[in-house]
Amino acid sequence: MNHLLALLKENARISLEDAARQLNVTVEEVAAGMQELEDTGVVRAYQAVVNEDKLEGASVTAVIEVQVQPEREGGFDHIAARLSRFPEVTSMYLMSGQYDLMLFVEGNDLRTVASFVSAKLSSISGVTGTATHFRLKTYKHHGVLMELSHETERLQVSP
Amino acid sequence: MKPNDSKSLLNRLSTTVSDLPRSGIRDFFDVVSQMKDVISLGVGEPDFTTPWHVREGAIYSLEQGQTGYTSNLGMPKLRKSISGYVEKFFGVSYHPDDEILVTVGVSEALDLAIRALCNPGDEVIYHEPCYVSYRPLIQLAYAVPVILETDASDGFKVNAEKLRPLITDKTKVLMLNFPTNPTGGGLTTKDLKEISELAVEKDLIVITDEIYAELTYDRPHVSIATMPGMKERTIFLHGFSKALAMTGWRIGYACAPAELIEAMMKIHQYTMLCAPVMSQQAAFEALKNPEEDIAVMKESYWRRRNFLHSSFNDMGLPCGLPEGAFYMFPDIRHLGITSKEFALQLLDSQKVAAVPGTAFGACGEGHLRCCYATSIEELEVAVQRIQVFIDTLKR
């Protein structure tokens, strides 16, 4: 992985100047590198990692295992493209194993998610089965522990 | 003399010990620990905690009840892992049965090596500025410390030209520590070749402390033990503290020809018996896949090195680009105050702690050791405060 990408994955909000200093390159080189990552589609977005549990009236997240009938032309990709366009679907992966697609679905409350599954998801032709699991609590999200870590004591001066 | 008179107790101390100076680090620590909200560039350890799988492995071994003594040399499975790792990373092969000794940090290994080799009066050459324990350990072995001074002009290197005039018929040992704490200095293959040729010519034993080896940034690290004729005269010291963020586990090792390991083991078995078993378990776990853990931390140190290096130079604190470790050793001579005054005033006025260069030997005067193993946010604040301090000095 290139140095710039590793840095952005840790802190996407870093300024061009700070990135240049840390990577020992010029500001122009950082800007060009970011442009290239964006143009080639390697970097798709810069987002905040949010602890939903801290929000009042937090939304509901479900993981849905979906079994589908792959098509003769296009395999899973065609139906996957249709499913992924629903705004309720926040992440989606093709999986090996017991089921085919794993969807992360977000809604305002339990009913919204339930109706998404029954009304929208199940009715799509090619979807042969679903199993829905609701999130109870988030411990870690995108590599970030949700609990604020307490500082461990380090000697202020040591050899 | 009354036995309960504290003055009389001081009189009864060994003169070797009473003559040892207190560590400059400890003096400074006492000052810093009195203050609040200090940003410290004064540490000598990673800001990472030990990788989780290592901690988890140690917890599991405790749950399994592995709490007994191990072999004096260290657990056979750990010595085997060390042998494999040293061969892979450094390109030197040591037999796990009789050429590797697991110790309580490299600090213990250094002590054992010097005591195993030196008779009273033997001369030991070491380079300054250096880690704080080198000189005292030589003195505690009743050997004679001989300083090879290094300086900023050539990146704090040791070379054959500086070394040759210091060698006498009493010189027995040459101690090397590259990358160096506190300067970040490193040696090239050419430097190592010339030094090793001289060591062979003068029949010196070399003790090489390569604790920062993996944290060499711009080129692969080369060990002096790989040079022709060196393995048979080298005690190679390494450990887990720095690259694997395991300072508090106190676990290191020595690799050397069997005769030397046997001699070091004699002292080790009577003073230490064995390294703590839980630390040995953790070390064994750490060596299962060390490259991945190290790469993540090294990338982070590398960025912070670049940041601090360009920040110091921009504010007019001349500073070479350190080749390894996690220390900067900027030059403050043009500001007209001593290292100690600089460090104390910086601490007092801006609450930034950095260690005076003189804590690492007299020739560290005119420098400060600034450790960049602290968060980039703290480094940014530290840089701003140092800038303010330097501006007030110049006024």
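Is Ala58(B), with its C-beta neighbours inside 10 Å, to be counted as buried or exposed? In this predicted model, Ala58(B) has 23 C-beta neighbours inside 10 Å and therefore counts as buried, since the threshold for that class is 20 or more. The residue belongs to helix H4 of chain B, which covers residues 52–63. Apart from residues up to four places away in sequence, Ala58(B) touches Met278(B), Gln281(B), Ala282(B) and Glu285(B).

Eleven of the 13 residues of H6(B) are buried, so the helix is largely enclosed by the rest of the structure. Among the buried residues of H6(B) are Val106(B), Leu110(B), Leu112(B), Ala113(B) and Ile114(B), and also Glu108(B) and Asp111(B).

In soluble globular proteins, nonpolar side chains tend to be buried together. The largest nonpolar core of the model contains 116 residues, and Ala113(B) and Ala254(B) have the most contacts inside it. When neighbours within four places in sequence are left aside, Ala113(B) is in contact with Ile207(B), Ile235(B), Ala254(B) and Met264(B). A second, separate core has 14 residues, including Ala80(A), Leu83(A), Val113(A) and Val127(A).

Chain A is itself divided into two domains, domain 1 spanning residues 3–39 and domain 2 spanning residues 52–136. Taken over C-alpha atoms, the centres of these two domains of chain A are separated by 35 Å.

The contact between the chains involves 13 residues from chain A and 23 residues from chain B. On the side of chain A that touches chain B, helix H1 (3–10) and helix H2 (16–23) of chain A each supply at least two residues. The largest share of that side, three residues, comes from H2(A). By class, the side of chain A that touches chain B consists of six nonpolar, five polar and two charged residues.

Definitions and conventions: Residues numbered from 1 in each chain as written. Chains lettered and ligands numbered in written order. Predicted model: local features only at pLDDT ≥ 70, side-chain atom pairs only at ≥ 80, totals over all residues. Domains from an automatic or database assignment. Contact = placed C-beta atoms within 7 Å. Helix = DSSP H or I, 4+ residues; strand = E, 2+ residues; numbered from the N terminus. Nonpolar A, V, L, I, M, F, W, Y, C, P; charged D, E, K, R; others polar. Core = buried A, V, L, I, M, F, W, Y, C linked by C-beta atoms within 7 Å. Buried ≥ 20, exposed ≤ 12 C-beta atoms within 10 Å, placed from the backbone.
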